[in-house]
Amino acid sequence: MIDQIKKVGVLTSGGDAPGMNAAIRAVVRCCAYHNIECVGIYRGYEGLIDGDFIPLGARSVKNMINRGGTFLKSARSKEFKTKEGRAKAYKNLKKAGVDSMIVIGGDGTFRGALEFGKEYQFPIVGIPGTIDNDINGTDYTIGYDTALNTVIEAIDKIRDTAHSHNRLFLVEVMGRDAGDIALSAGVGAGAEAILIPEQNIGREHLMESLRRSKQSGKSSSIIVVSEGDQIGKNIFNVAKYIENNLKGYEVRVTVLGHIQRGGSPSGRDRILASRLGVNAVDALLRGEKNVMVGQKLNKVVTVPFSESIKGENEIDMELIRIAKITSI
Ligand code: ADP
């Protein structure tokens with residue numbers, strides 16, 4: 001199988017995540033190590049359709065491991081969802097002599113790769129790169145650890161002002177469908193309550209818990225709200241509701257927004273990205289296709305795209321229990 005792969009294309013697609021550059025770097029260096037050509041594709045599937053390619057050698061990814069974002073840029077492509085768009089993409093790959101591809105992104109990126117790979121019998125391996133940690137078949141996605149640390153650092157700062165003014169802060173974090181960031185950051189930053197999309201605890205339950213805390217002597221509180229949470233759908237409405245029904249607290253809202261995506265990747269993300277980047281090239285060389293490389297129980301695994309996109313985000317019930325006990 002090994003001599004079939006001669007030129008690997010690499011792209012980043014969908015939402016950007018810290019550590020994507022480290023993953024590209026590992027792919028490029030692993031190709032160089034095996035004397036295979038590597039081609040960078042700009043702006044995800046958009047650049048694939050436009051033929052926006054650049055040859056990448058070992059030195060073209062220097063000083064890249066520590067940089068946030070993705071130097072290949074990322075994009076969302078409506079055209080790639082059409083047969084015509086994918087036909088253009090295939091033509092460009094053929095013209096450039098690219099015979100295989102590594103795509104770094106989230107479940108949407110893998111859905112596109114699965115469609116394209118099947119349609120053209122084109123070998124593609126995926127690397128999970130998204131801050132949401134919502135990919136089936138890997139314990140962690142690249143970018144999640146960095147985003148978690150960014151959120152915890154931000155909440156630490158908010159805690160200082162919450163404490164000084166006896167305020168209750170609602171902090172909205174990213175995660176439209178997955179509450180991983182909210183739950184882990186909530187535990188790590190010592191939140192009073194954590195609202196996640198997977199579990200609707202209900203307004204009254206929340207109010208009860210806040211009243212109890214107040215009676216037990218808490219003078220300030222932080223509630224972490226995942227942007228997709230069912231009662232937090234509009235975090236400002238929840239703030240108003242609490243203010244109207246709980247006397248003695250000033251309620252403030254902070255929406256962390258895009259600062260959660262940026263920044264230099266954490267040590268863990270750099271190592272994960274390096275590991276998965278190298279293993280993605282290895283998987284192509286072994287003749288694997290339509291799979292994602294991930295990490296389960298500290299071992300690198302390959303998982304079919306069809307499994308990885310199932311969207312069965314399992315919430316960590318043990319962590320919910322920890323949050324409940326430690327916030328008493
Ligand atoms: P993420 O990879 O972060 O989940 P998106 O959901 O935006 O981000 O997906 C990235 C891109 O993947 C989309 O802009 C689109 O071009 C492509 N894509 C997603 N789903 C499909 C699909 N069913 N068929 C073809 N391409 C798809």
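Residues are numbered from 1 along each chain as its sequence is written, and side-chain values use heavy atoms, with hydrogens and water left out. Because the model is predicted, local features require a pLDDT of at least 70 and side-chain atom pairs count only at pLDDT 80 or more, whereas totals for chains, interfaces and linings use all residues.

The domain assignment divides the protein into domain 1 (2-143 + 265-308) and domain 2 (144-261); such bounds come from an automatic or database domain assignment. The centres of the two domains, taken over C-alpha atoms, are separated by 35 Å. Across the boundary, 16 residues of domain 1 are in contact with 12 residues of domain 2, contact meaning heavy atoms within 4.5 Å. About 1100 Å² is buried between domain 1 and domain 2, and carbon and sulfur atoms give 52% of this area. Buried area is here the accessible area (1.4 Å probe) that two parts lose on being put together, summed over both. Of the area that domain 1 buries against domain 2, I131, D132 and N133 supply 44%, more than any other three residues. The count of salt bridges between domain 1 and domain 2 is zero, a salt bridge being a side-chain nitrogen of Lys or Arg within 4 Å of a carboxyl oxygen of Asp or Glu.

Secondary structure elements are DSSP runs numbered from the N terminus, with helices (H or I) of at least four residues and strands (E) of at least two. Seven strands form an open sheet in the order β3-β2-β1-β4-β5-β10-β11, with mixed pairing; two strands pair if DSSP finds at least two bridges between them. At the edges stand β3 (53-55) and β11 (299-304), each of which pairs on one side only. On average, neighbouring strands of this sheet are turned by 30° against each other, direction ignored. Such angles run from 0 to 180 degrees between N-to-C directions, with axes as lines fitted to C-alpha atoms, for helices over the stretch in contact. Within the sheet, β1 (residues 7-12) pairs with β2 (residues 37-41) in the parallel sense over five bridges, and V8 has C38 as its bridge partner in β2. Helix α4 (residues 107-120) lies across β4 (100-105), β5 (124-128) and β10 (291-296), and runs at about 160° to β4.

Most residues other than glycine have a negative phi. N166, although not a glycine, has a positive phi of about 55°. This residue, N166, lies in the loop between α5 (144-165) and β6 (167-173) and counts as partly exposed at 37% relative accessibility. L297 likewise has a positive phi, near 45°, in a residue other than glycine. The position of L297 is in the loop between β10 and β11, and at 75% relative accessibility L297 counts as exposed. In this classification, buried means under 20% relative accessible area, exposed over 50%, and partly exposed in between (1.4 Å probe, protein chains only).

Beyond helix α11 (317-326), the following segment contains S327. S327 is buried, with a relative accessible area of 11%. Not counting residues up to four places away in sequence, S327 touches A191, E192 and K218. The C-alpha atom of S327 is separated by 44 Å from that of V61, the two residues being 266 apart along the chain.

A search of the whole structure finds 15 salt bridges. One of them joins E115 and R86, whose closest N and O atoms are 3.8 Å apart. Since E115 lies in helix α4 and R86 in helix α3 (residues 83-96), the pair ties together parts that are 29 residues apart in sequence. E115 is partly exposed, with a relative accessible area of 43%, whereas R86 is buried at 5%. A network of salt bridges links K83, R86, E115 and E119. R252 forms a further salt bridge with E250, in which the closest N and O atoms are 2.7 Å apart. In this pair R252 is partly exposed, with a relative accessible area of 30%, and E250 counts as partly exposed at 35%. The side chains of E288 and R286 also meet in a salt bridge (2.8 Å, N to O), and R286 counts as partly exposed at 48% relative accessibility.
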